[in-house]
Amino acid sequence: MEGMEEAVRELARRLAGASSVSVLTGAGVSAASGIATFRGEDGTWSRFRPEDLATPEAFARDPSFVWGWYEDRRRQVAAARPNAAHEVLARWSRRFPHFRLLTQNVDELHERAGTGGVVRLHGSLWELQCWEACPQSPLRWRDETVPLTELPPSCPWCRGLVRPGVVWFGEALPEEALLAAAEAVQTEVFLAIGTSGVVQPAAGLLAEARARGAWTAEINPEPGALAAAADLSVPAAAEDALPEVEARLAAEGAGGC
Ligand SMILES: NC(=O)c1ccc[n+]([C@@H]2O[C@H](COP(=O)([O-])OP(=O)(O)OC[C@H]3O[C@@H](n4cnc5c(N)ncnc54)[C@H](O)[C@@H]3O)[C@@H](O)[C@H]2O)c1
Ligand SMILES: [Zn+2]
(Lines give C-alpha, C1' and ligand atoms only; values in the text may rest on other atoms or scores of the structure.)
(Ligands and ions follow the chains in the order given, each with its own letter.)
Protein backbone atom coordinates (compact mmCIF):
# COMPACT_ATOMS: atom_id res chain seq x y z
CA MET A 1 0.00 0.00 0.00
CA GLU A 2 1.66 3.17 -1.20
CA GLY A 3 0.00 5.56 1.27
CA MET A 4 1.08 3.37 4.15
CA GLU A 5 4.67 3.26 2.89
CA GLU A 6 4.75 7.02 2.62
CA ALA A 7 3.33 7.35 6.15
CA VAL A 8 5.97 4.98 7.54
CA ARG A 9 8.71 6.95 5.79
CA GLU A 10 7.39 10.27 7.11
CA LEU A 11 7.17 8.93 10.68
CA ALA A 12 10.72 7.54 10.48
CA ARG A 13 11.99 10.87 9.15
CA ARG A 14 10.42 12.76 12.05
CA LEU A 15 11.77 10.30 14.60
CA ALA A 16 15.26 10.38 13.10
CA GLY A 17 15.54 14.08 13.86
CA ALA A 18 13.97 13.98 17.33
CA SER A 19 15.62 13.80 20.71
CA SER A 20 12.39 13.83 22.70
CA VAL A 21 9.64 11.33 21.92
CA SER A 22 6.47 10.60 23.89
CA VAL A 23 4.20 7.65 23.18
CA LEU A 24 0.67 7.01 24.42
CA THR A 25 -0.54 3.44 24.02
CA GLY A 26 -3.91 1.75 24.35
CA ALA A 27 -5.37 -1.73 24.19
CA GLY A 28 -4.62 -2.07 20.45
CA VAL A 29 -0.92 -2.48 21.22
CA SER A 30 -1.70 -5.66 23.16
CA ALA A 31 -4.21 -7.04 20.65
CA ALA A 32 -1.53 -9.11 18.85
CA SER A 33 -0.62 -10.64 22.23
CA GLY A 34 -4.13 -12.09 22.33
CA ILE A 35 -5.54 -9.64 24.87
CA ALA A 36 -8.99 -8.48 23.91
CA THR A 37 -9.49 -4.74 23.47
CA PHE A 38 -12.41 -3.21 25.34
CA ARG A 39 -14.40 -2.49 22.26
CA GLY A 40 -13.56 -5.74 20.46
CA GLU A 41 -16.08 -8.39 19.47
CA ASP A 42 -14.58 -11.52 20.98
CA GLY A 43 -14.49 -12.88 24.51
CA THR A 44 -16.90 -14.18 27.10
CA TRP A 45 -17.44 -10.71 28.46
CA SER A 46 -18.19 -8.98 25.17
CA ARG A 47 -21.89 -8.76 25.97
CA PHE A 48 -21.08 -6.54 28.95
CA ARG A 49 -20.08 -2.95 28.40
CA PRO A 50 -16.86 -2.00 30.21
CA GLU A 51 -18.76 0.96 31.63
CA ASP A 52 -20.98 -1.59 33.42
CA LEU A 53 -18.10 -3.61 34.88
CA ALA A 54 -15.25 -1.21 35.46
CA THR A 55 -16.92 1.17 37.89
CA PRO A 56 -17.06 1.55 41.68
CA GLU A 57 -20.86 1.20 41.46
CA ALA A 58 -20.63 -2.18 39.68
CA PHE A 59 -18.14 -3.38 42.27
CA ALA A 60 -20.27 -2.22 45.19
CA ARG A 61 -23.25 -4.05 43.68
CA ASP A 62 -21.54 -7.35 42.95
CA PRO A 63 -17.84 -7.66 43.84
CA SER A 64 -17.66 -11.38 42.96
CA PHE A 65 -19.00 -10.75 39.47
CA VAL A 66 -16.57 -7.90 38.79
CA TRP A 67 -13.70 -9.94 40.22
CA GLY A 68 -14.64 -12.80 37.86
CA TRP A 69 -14.00 -10.46 34.95
CA TYR A 70 -10.65 -9.27 36.36
CA GLU A 71 -9.61 -12.82 37.23
CA ASP A 72 -10.29 -13.79 33.61
CA ARG A 73 -8.15 -10.90 32.35
CA ARG A 74 -5.34 -11.73 34.82
CA ARG A 75 -5.34 -15.30 33.51
CA GLN A 76 -5.27 -14.08 29.89
CA VAL A 77 -2.42 -11.65 30.53
CA ALA A 78 -0.37 -14.16 32.56
CA ALA A 79 -0.41 -16.51 29.55
CA ALA A 80 0.38 -13.74 27.03
CA ARG A 81 3.71 -12.43 25.80
CA PRO A 82 4.77 -8.99 24.60
CA ASN A 83 4.53 -8.67 20.80
CA ALA A 84 6.64 -6.90 18.17
CA ALA A 85 5.03 -3.53 18.99
CA HIS A 86 6.03 -3.72 22.68
CA GLU A 87 9.53 -4.82 21.66
CA VAL A 88 10.14 -1.93 19.25
CA LEU A 89 8.95 0.58 21.89
CA ALA A 90 11.28 -1.02 24.47
CA ARG A 91 14.24 -0.48 22.11
CA TRP A 92 13.15 3.10 21.43
CA SER A 93 13.09 3.77 25.17
CA ARG A 94 16.87 3.22 25.05
CA ARG A 95 17.44 4.92 21.69
CA PHE A 96 16.00 8.39 22.32
CA PRO A 97 17.61 10.63 24.95
CA HIS A 98 14.18 11.73 26.21
CA PHE A 99 11.62 8.97 25.78
CA ARG A 100 8.36 8.72 27.71
CA LEU A 101 5.82 5.96 27.46
CA LEU A 102 2.35 6.56 28.87
CA THR A 103 -0.02 3.62 28.72
CA GLN A 104 -3.69 3.10 29.38
CA ASN A 105 -3.05 -0.63 29.48
CA VAL A 106 -3.13 -2.43 32.78
CA ASP A 107 -1.39 -5.58 31.51
CA GLU A 108 2.26 -4.52 32.14
CA LEU A 109 3.36 -5.99 28.78
CA HIS A 110 5.47 -2.87 28.11
CA GLU A 111 7.37 -3.51 31.32
CA ARG A 112 7.77 -7.19 30.46
CA ALA A 113 9.23 -6.20 27.07
CA GLY A 114 11.89 -4.23 28.95
CA THR A 115 10.63 -0.64 28.76
CA GLY A 116 11.76 1.29 31.80
CA GLY A 117 9.89 4.16 33.44
CA VAL A 118 6.47 3.28 32.00
CA VAL A 119 3.76 5.61 33.26
CA ARG A 120 0.61 3.62 33.96
CA LEU A 121 -2.30 5.99 33.64
CA HIS A 122 -4.89 3.40 34.65
CA GLY A 123 -3.05 1.28 37.22
CA SER A 124 -2.27 -2.42 36.91
CA LEU A 125 -4.08 -5.75 36.92
CA TRP A 126 -1.30 -6.99 39.21
CA GLU A 127 -2.01 -4.53 41.97
CA LEU A 128 -4.67 -4.78 44.64
CA GLN A 129 -6.18 -2.13 46.84
CA CYS A 130 -8.27 -2.20 50.02
CA TRP A 131 -11.87 -1.29 49.12
CA GLU A 132 -12.34 0.13 52.61
CA ALA A 133 -9.11 2.13 52.22
CA CYS A 134 -8.14 1.03 55.73
CA PRO A 135 -5.32 3.10 57.24
CA GLN A 136 -3.17 0.01 57.94
CA SER A 137 -2.85 -1.10 54.32
CA PRO A 138 -0.57 0.48 51.71
CA LEU A 139 -2.45 2.37 48.98
CA ARG A 140 -1.75 -0.54 46.57
CA TRP A 141 0.18 -3.79 46.77
CA ARG A 142 1.22 -6.42 44.24
CA ASP A 143 -0.25 -9.89 43.94
CA GLU A 144 0.57 -11.88 40.83
CA THR A 145 -1.09 -15.11 41.97
CA VAL A 146 -3.24 -16.67 39.26
CA PRO A 147 -5.79 -17.81 40.20
CA LEU A 148 -6.12 -15.75 43.36
CA THR A 149 -6.38 -17.97 46.42
CA GLU A 150 -9.55 -16.29 47.57
CA LEU A 151 -12.20 -14.60 45.42
CA PRO A 152 -13.07 -11.89 46.12
CA PRO A 153 -9.80 -11.42 48.02
CA SER A 154 -9.77 -9.92 51.50
CA CYS A 155 -7.45 -7.28 52.87
CA PRO A 156 -4.51 -8.81 54.80
CA TRP A 157 -4.64 -5.83 57.18
CA CYS A 158 -8.35 -5.26 57.95
CA ARG A 159 -9.94 -8.42 56.43
CA GLY A 160 -12.25 -6.16 54.44
CA LEU A 161 -12.98 -6.41 50.73
CA VAL A 162 -10.18 -5.91 48.20
CA ARG A 163 -10.57 -4.29 44.76
CA PRO A 164 -8.38 -4.38 41.64
CA GLY A 165 -5.71 -1.62 41.66
CA VAL A 166 -6.94 -0.10 38.42
CA VAL A 167 -8.56 3.22 37.62
CA TRP A 168 -12.27 2.77 36.98
CA PHE A 169 -14.60 4.94 34.92
CA GLY A 170 -15.43 8.03 36.90
CA GLU A 171 -12.27 7.83 39.04
CA ALA A 172 -9.33 10.21 39.05
CA LEU A 173 -5.97 9.18 37.62
CA PRO A 174 -3.06 8.79 40.04
CA GLU A 175 -1.49 12.17 40.81
CA GLU A 176 2.01 11.07 39.71
CA ALA A 177 0.62 9.79 36.38
CA LEU A 178 -1.03 13.16 35.71
CA LEU A 179 2.22 14.98 36.48
CA ALA A 180 4.13 12.65 34.15
CA ALA A 181 1.54 13.19 31.40
CA ALA A 182 1.87 16.97 31.77
CA GLU A 183 5.61 16.57 31.19
CA ALA A 184 5.18 14.13 28.32
CA VAL A 185 3.16 16.55 26.22
CA GLN A 186 6.21 18.82 26.11
CA THR A 187 8.02 16.89 23.42
CA GLU A 188 9.15 17.08 19.79
CA VAL A 189 7.25 13.99 18.64
CA PHE A 190 4.07 12.58 20.19
CA LEU A 191 2.67 9.22 19.02
CA ALA A 192 -0.68 7.68 19.95
CA ILE A 193 -0.79 3.95 19.23
CA GLY A 194 -3.72 1.53 19.43
CA THR A 195 -6.11 3.73 21.33
CA SER A 196 -9.66 4.62 20.35
CA GLY A 197 -9.19 8.04 21.92
CA VAL A 198 -12.49 8.09 23.74
CA VAL A 199 -11.35 7.72 27.36
CA GLN A 200 -10.35 11.05 28.94
CA PRO A 201 -8.02 12.51 29.99
CA ALA A 202 -5.67 10.25 27.97
CA ALA A 203 -7.59 10.98 24.77
CA GLY A 204 -6.79 14.70 25.00
CA LEU A 205 -3.02 14.32 25.33
CA LEU A 206 -2.25 14.20 21.60
CA ALA A 207 -4.08 17.46 20.93
CA GLU A 208 -2.40 19.03 23.95
CA ALA A 209 1.06 17.99 22.73
CA ARG A 210 0.25 19.36 19.28
CA ALA A 211 -0.93 22.66 20.76
CA ARG A 212 2.45 22.89 22.51
CA GLY A 213 4.32 22.46 19.25
CA ALA A 214 4.85 18.69 19.00
CA TRP A 215 4.61 16.87 15.70
CA THR A 216 1.95 14.20 16.23
CA ALA A 217 1.01 10.87 14.66
CA GLU A 218 -1.44 8.06 15.26
CA ILE A 219 -1.06 4.35 14.48
CA ASN A 220 -4.38 2.50 14.33
CA PRO A 221 -5.83 0.10 11.71
CA GLU A 222 -9.15 1.87 12.22
CA PRO A 223 -8.28 5.56 12.30
CA GLY A 224 -10.71 7.45 14.50
CA ALA A 225 -10.95 10.68 16.44
CA LEU A 226 -7.20 10.92 17.06
CA ALA A 227 -6.31 10.51 13.39
CA ALA A 228 -8.21 13.68 12.61
CA ALA A 229 -6.36 15.54 15.34
CA ALA A 230 -2.88 14.29 14.37
CA ASP A 231 -0.41 15.53 11.78
CA LEU A 232 -0.10 12.01 10.39
CA SER A 233 -2.24 8.88 10.50
CA VAL A 234 -0.68 5.47 9.92
CA PRO A 235 -3.62 3.17 9.17
CA ALA A 236 -2.02 -0.11 10.23
CA ALA A 237 -1.68 -2.55 13.11
CA ALA A 238 0.97 -1.53 15.65
CA GLU A 239 2.81 -4.85 15.43
CA ASP A 240 3.21 -4.37 11.65
CA ALA A 241 3.83 -0.63 11.46
CA LEU A 242 6.35 -0.24 14.30
CA PRO A 243 8.88 -2.80 12.99
CA GLU A 244 8.63 -1.13 9.57
CA VAL A 245 9.23 2.30 11.06
CA GLU A 246 12.15 0.91 13.03
CA ALA A 247 13.72 -0.60 9.90
CA ARG A 248 13.25 2.68 8.06
CA LEU A 249 14.76 4.56 10.99
CA ALA A 250 17.88 2.39 10.79
CA ALA A 251 18.15 3.28 7.10
CA GLU A 252 17.73 7.00 7.93
CA GLY A 253 20.46 6.73 10.56
CA ALA A 254 22.73 5.16 7.96
CA GLY A 255 22.16 8.12 5.67
CA GLY A 256 19.51 6.46 3.48
CA CYS A 257 16.69 8.43 1.95
N1 LIG B 1 -4.42 -4.63 27.44
C2 LIG B 1 -5.02 -3.90 28.39
O3 LIG B 1 -4.43 -3.59 29.42
C4 LIG B 1 -6.44 -3.41 28.15
C5 LIG B 1 -7.32 -4.17 27.41
C6 LIG B 1 -8.64 -3.67 27.21
C7 LIG B 1 -8.99 -2.42 27.71
N8 LIG B 1 -8.12 -1.70 28.43
C9 LIG B 1 -8.60 -0.38 28.93
O10 LIG B 1 -9.30 0.29 27.84
C11 LIG B 1 -9.41 1.68 28.11
C12 LIG B 1 -9.06 2.67 26.95
O13 LIG B 1 -9.36 2.23 25.82
P14 LIG B 1 -8.24 2.00 24.72
O15 LIG B 1 -8.29 3.16 23.80
O16 LIG B 1 -6.96 1.61 25.34
O17 LIG B 1 -8.84 0.71 24.04
P18 LIG B 1 -10.09 0.54 23.12
O19 LIG B 1 -10.47 -0.91 23.22
O20 LIG B 1 -11.10 1.58 23.32
O21 LIG B 1 -9.49 0.80 21.66
C22 LIG B 1 -8.54 -0.02 21.10
C23 LIG B 1 -8.07 0.62 19.81
O24 LIG B 1 -7.04 -0.18 19.27
C25 LIG B 1 -7.21 -0.29 17.89
N26 LIG B 1 -6.54 -1.52 17.49
C27 LIG B 1 -7.04 -2.79 17.40
N28 LIG B 1 -6.07 -3.65 17.02
C29 LIG B 1 -4.95 -2.90 16.87
C30 LIG B 1 -3.62 -3.23 16.48
N31 LIG B 1 -3.26 -4.48 16.20
N32 LIG B 1 -2.72 -2.22 16.43
C33 LIG B 1 -3.07 -0.94 16.72
N34 LIG B 1 -4.31 -0.58 17.08
C35 LIG B 1 -5.24 -1.55 17.15
C36 LIG B 1 -8.69 -0.26 17.65
O37 LIG B 1 -8.99 0.18 16.32
C38 LIG B 1 -9.15 0.72 18.72
O39 LIG B 1 -9.16 2.05 18.21
C40 LIG B 1 -8.40 1.92 29.15
O41 LIG B 1 -9.06 2.27 30.32
C42 LIG B 1 -7.63 0.61 29.36
O43 LIG B 1 -7.26 0.51 30.71
C44 LIG B 1 -6.84 -2.15 28.65
ZN1 LIG C 1 -7.95 -3.04 54.49
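The model is a predicted one, in which local features need pLDDT of at least 70, side-chain atom pairs count only at pLDDT 80 or more, and totals for chains, interfaces and linings use all residues. Residues are numbered from 1 along each chain as its sequence is written, chains are lettered from A and ligands numbered from 1 in the order in which they are written, and side-chain values use heavy atoms, with hydrogens and water left out.

**Overall fold**

- The protein has ten helices and nine strands; helices (H or I, at least four residues) and strands (E, at least two) are DSSP runs, numbered from the N terminus.
- Along the principal axes, the C-alpha atoms fill a box of roughly 60 × 35 × 30 Å.
- Of the 257 residues, 50% are buried, where buried means under 20% relative accessible area, exposed over 50%, and partly exposed in between (1.4 Å probe, protein chains only).
- Among contacts with a separation of 6 or more, 66% join residues 24 or more positions apart; contact means heavy atoms within 4.5 Å.

**Two domains**

- The domain assignment gives domain 1 (1-35 + 82-122 + 173-257) and domain 2 (36-79 + 123-166), with bounds that come from an automatic or database domain assignment.
- The C-alpha centres of domain 1 and domain 2 lie 28 Å apart.
- Where the domains meet, 17 residues of domain 1 are in contact with 15 residues of domain 2.

**The second largest pocket**

- About 330 Å³ of space lies in this pocket. On a 1 Å grid over the protein atoms alone, a pocket is an open set of points where a 1.4 Å probe fits, with protein on both sides within 12 Å along at least five of seven lines, and lining residues have an atom within 4 Å of a point. Grid points are joined across faces, edges and corners, and the volume is the space filled by probe spheres set on the points.
- The second largest pocket has 16 lining residues, and Gly123, Leu139, Arg140, Pro174 and Glu176 lie nearest its centre.
- Strand S3 (119-120), strand S4 (123-130), strand S6 (162-166) and helix H7 (175-184) each give two or more residues to this lining.
- Domain 1 and domain 2 each supply at least three residues of the lining.
- By type, the lining holds seven nonpolar, two polar and seven charged residues. Here Ala, Val, Leu, Ile, Met, Phe, Trp, Tyr, Cys and Pro count as nonpolar, Asp, Glu, Lys and Arg as charged, and the others, Gly among them, as polar.

**Three residues to look at**

- Asp52 sits in helix H2 (residues 50-53) and is partly exposed, at 39% relative accessibility. Beyond its neighbours within four places in sequence, Asp52 is in contact with Ala58 and Arg61.
- Asp52 and Gly170 are 118 residues apart in sequence, yet 12 Å apart in space, C-alpha to C-alpha.
- Thr115 belongs to the loop between helix H6 (109-112) and S3, and is buried at a relative accessible area of 5%. Leaving aside neighbours within four places, the contacts of Thr115 include His86, Leu89 and Leu101.
- Ala214 lies in the loop between helix H8 (205-211) and strand S8 (215-219), and is buried, with a relative accessible area of 5%.
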